[in-house]
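Trainee: Could we go through this structure together? I would like to begin with the sheet.

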Amino acid sequence: MNGGSTPKISVRGLQKSFGPKRVLDGIDIDCGIGESLVIIGGSGTGKSVFVKCILGLLHPEAGSIRIDGVETVGIRRAERAALMSKFGMLFQGAALFDSLHVWENVAFGLIQGRGMERANAKRIALEKLAAVGLGAEVGELRPAELSGGMQKRVALARAIAAEPEIIFFDEPTTGLDPIMADVINDLIIKCVRELGATAVSITHDMVSARKIADRIAMLHKGKIVWQGPADEIDESHNAFVDQFVHGRAEGPIQMEVRAV
Amino acid sequence: MITFLASVGAAFLSFLAATGRLVNFALMGLAGAFSPPFYPRIIARQIVYMGYYSLPVVGLTAIFTGMVLALQSYTGFARFNAESAVATVVVLSVTRELGPVIAGLMVAGRVGAAMAAEIGTMRVTDQIDALTTLSTDPFRYLVLPRLLAGLITLPLLVVVADIIGVFGGYIVGTVKLGFNPASYLTQTENYLETMDVVSGLVKAGVFGFIVALMGCYHGYHSRGGAEGVGQATTYAVVSASILILVSNYMLTTAFFGK
């Protein structure tokens with residue numbers, strides 16, 4: 001983080017529940033301008049909920065989320081729409097629109113969100129597809145005709161198409177083979193650096209976390225139990241982090257397994 | 001006794017809450033009609049999908065409904081020597097009631113289910129969240145075009161259903177029942193009033209809106225993968241069909257009730 005400057009994202013006391021289950025229980029975390037923050041944690045610990053709260057897709061019960069120092073919790077729909085232009089998002093399952101061609105998916109935010117003329121938007125979409133290693137011919141295909149790795153690349157091209165200030169990556173390497181996962185990691189690093197964007201990623205893939213993170217935070221039972229520079233994670237001296245990083249069944253993190 | 005009253009009260013409150021959510025959803029969908037951005041290409045695509053591609057199923061049901069109506073009217077009225085009323089009964093029944101109701105139910109089955117499945121799949125695969133992150137309001141992009149298409153398309157379909165239904169009655173009346181073609185058409189024309197057709201078209205607009213609203217509402221709120229999408233599809237068709245029949249009674253009372 002740039003010392004002394006206002007964090008790009010500042011979260012304080014964030015709480016979110018679904019019925020009686022409290023998923024986020026007072027999250028406090030900052031992310032600096034141009035920083036790559038990776039949130040790690042097991043399945044069901046609230047990582048996706050945390051990102052969806054920042055994006056405004058879920059409404060927290062309590063707490064503060066500031067973007068560039070401006071409070072975003074409880075803002076009006078029009079203000080939220082304007083704020084969205086700062087964000088890009090790569091969804092876990094890619095979330096490409098089945099009914100549109102690949103290039104239309106990439107250009108969607110430019111055409112529908114910013115009112116750009118289609119020919120111009122298509123040119124930018126093809127540039128972004130090239131940036132993630134996909135040729136122009138892929139642009140004319142439908143998402144269903146692509147492999148999982150190609151869909152992730154298209155989703156990455158869509159996330160960066162409007163050159164957002166903050167990009168969120170939800171499990172970017174889940175479901176990919178190790179080589180394709182590394183390709184995606186490299187593309188994330190390249191794209192984020194070229195844009196100068198702030199990146200917030202959530203993953204349980206430690207290889208990916210180590211590669212793309214400047215800073216890592218661990219979420220467990222709705223709380224941040226550790227955060228620090230990515231290169232210090234092996235010396236965290238935190239029992240939760242150690243168990244997670246080494247993938248041990250024994251430790252303070254107990255998997256909730258119910259009898260069938 | 002108190003337990004019973006509590007459960008009745010809880011059910012009533014639950015009904016009111018569900019109604020409130022539905023009305024709120026409809027208002028959020030319609031609110032987008034008063035300010036840009038507009039999506040005319042998507043509205044046009046929905047009109048074609050809802051209207052043009054529903055023509056075969058609506059036409060088929062309309063023609064057989066008109067034919068059966070003529071046959072049944074004849075066998076019933078023959079007991080009172082009132083066979084000459086067949087043409088009148090066919091045209092009034094088709095334009096006032098059967099045209100809009102049959103078209104509404106057919107479109108609910110064909111289009112309402114597809115809408116719920118499409119939007120439901122978009123929901124469970126994060127495509128609706130993706131729309132939001134791409135600065136696109138899902139209500140403007142997904143809901144409003146479908147509501148407008150329902151409102152516009154069903155009256156057009158009902159005009160076609162009315163013509164085909166009356167034609168079905170005419171075919172049975174003249175070919176099978178031996179009516180004179182000219183006198184059948186004269187009877188049809190003499191007793192048909194503008195209000196009969198207009199009331200049917202107003203009903204059709206309401207039914208089209210209901211079909212689209214139910215498809216969008218249940219699809220938008222679907223949860224839990226393929227099973228959730230399947231449930232949403234079922235709810236969309238069942239609730240639209242029930243609401244069509246209930247609102248049909250209310251509209252008939254409003255137009256023709258004494």
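Trainee: What is the strand order in the open sheet of six strands in chain A?
Mentor: This is a predicted model. In it, the order of the open sheet in chain A is β6-β7-β8-β3-β9-β10, and the pairing is mixed.

Trainee: Which strands stand at the edges?
Mentor: Those are β6 (87-90) and β10 (223-229) of chain A. Each has a single partner strand, so one side of each is left without a neighbour in the sheet.

Trainee: By how many degrees are neighbouring strands turned against each other?
Mentor: The average for this sheet is 15 degrees, with direction ignored.

Trainee: In what sense do β3 and β8 of chain A pair, parallel or antiparallel?
Mentor: Strand β3 (residues 36-40) and strand β8 (residues 198-203) of chain A pair in the parallel sense, over five bridges. As for individual residues, A:I40 has A:T203 in β8(A) as its bridge partner.

Trainee: Turning to the whole chain, how many helices and strands does chain A have?
Mentor: Chain A has nine helices and ten strands. Its radius of gyration is 19 Å, close to the 18 Å that the globule rule gives for 260 residues, so chain A is as compact as a globular protein of that length.

Trainee: What share of its residues count as buried?
Mentor: The share is 44% of the 260 residues of chain A.

Trainee: And how many residues does each chain bring to the contact between A and B?
Mentor: Chain A brings 17 residues and chain B brings 13 residues. On the side of chain B, helix α5 (residues 127-133) gives the most, with five residues. By class, that side has four nonpolar, six polar and three charged residues.

Conventions: Residues numbered from 1 in each chain as written. Chains lettered and ligands numbered in written order. Predicted model: local features only at pLDDT ≥ 70, side-chain atom pairs only at ≥ 80, totals over all residues. Helix = DSSP H or I, 4+ residues; strand = E, 2+ residues; numbered from the N terminus. Rg over C-alpha atoms; globule rule 2.2 N^0.38 Å. Buried ≥ 20, exposed ≤ 12 C-beta atoms within 10 Å, placed from the backbone. Contact = placed C-beta atoms within 7 Å. Nonpolar A, V, L, I, M, F, W, Y, C, P; charged D, E, K, R; others polar. Pairing = 2+ DSSP bridges. Axes fitted to C-alpha atoms, helices over the stretch in contact; angles between N-to-C directions.
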